[in-house]
Amino acid sequence: MVLSLLAASPPDRALFRAENLVAIARMPSLAGRREELAALLLEWSDRGAGPQTGWLYCLGQLGFDLRDRLIDPDPAVRLPAALAHEDDPRARELILTALAEPPPSGLHQFALVAAAIRIATDFGEIATAACRVAGRDSWTGFDDGWGALVRFALPKPHGTHRPLTEPQRALVRALVNNDELWDPTNGSCGLVFTQAGLPHNRSACRRLAR
């Protein structure tokens, strides 16, 4: 019955419903229905209903093999494929390179941030790209965007006996330059800074980052 809802979806709602179905289908008890759902996703993808990126991301979440798309010239095709195959060296390079730029339509930035954190050897490897994210992100990225990168960069809070490294200072400078993050009444942003041992004060962070 649930699959029939996707089959009967109007084109402008199909991808939204597909994303929800994929989340449900990833439950272990529904593993046997994933192939059927993947076939339906491929059918909708071929119809061009919504961004190709979104359909490929859904297929990757179902475990569909997308490695043949890693060499596609379109980043909207190769990036979802890379996210589905993080253990492939080609995918790793694509993810780390893509983090610096806004993702293509249909692909959420949080997916790239999470993947980059999983595959990076340390924060220094993604520091330059992370600074780009921190400098452009909205305050709403406190959980899975700039905030996740702050937590990765500072797994132990900054303190008198734990000075900031140069990559960490670069990240703080990027945060300082982002006007979205400094509303003193925004507790969500403030908590990210507090947990990292940083003051939620723009002037104080600017001094720390020198």
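Which residues of helix 6 (residues 89–98) are buried? Select that helix and you will find Ala-91, Leu-94, Ile-95, Leu-96 and Ala-98; buried means under 20% relative accessible area with a 1.4 Å probe, protein chains only. Helices are DSSP runs of H or I, at least four residues, numbered from the N terminus.

A word on the model: it is predicted, with local features needing pLDDT of at least 70 and side-chain atom pairs pLDDT 80 or more, while totals for chains, interfaces and linings use all residues. Residues are numbered from 1 along each chain as its sequence is written, and side-chain values use heavy atoms, leaving out hydrogens and water.

Next, show helix 5 (75–84), helix 7 (109–119) and helix 8 (123–136): the buried residues of helix 6 pack against these, with contact meaning heavy atoms within 4.5 Å.

Now pick Asp-88, which caps the N-terminal end of helix 6. One of its side-chain oxygens sits 2.8 Å from the backbone nitrogen of Arg-90.

Then colour the largest nonpolar core, a set of 67 residues; such a core joins buried Ala, Val, Leu, Ile, Met, Phe, Trp, Tyr and Cys through side-chain atoms within 4.5 Å. Leu-41, Ile-95, Leu-99, Trp-146, Val-150 and Leu-175 touch the most other members. Helix 8 gives the most to this core, 8 residues.

Centre on Trp-146: beyond neighbours within four places in sequence, its contacts include Ala-134, Trp-139, Leu-175, Cys-189 and Phe-193.

Finally, zoom out. The chain has 12 helices and 0 strands, and its C-alpha trace spans about 60 × 35 × 30 Å along the principal axes.

Key: Buried means under 20% relative accessible area, exposed over 50%, partly exposed in between (1.4 Å probe, protein chains only). Helices (H or I, at least four residues) and strands (E, at least two) are DSSP runs, numbered from the N terminus. A polar contact is a pair of N or O atoms within 3.5 Å; within protein, one must be able to donate a hydrogen and the other to accept it, and residues adjacent in sequence count only if both atoms are side-chain atoms.
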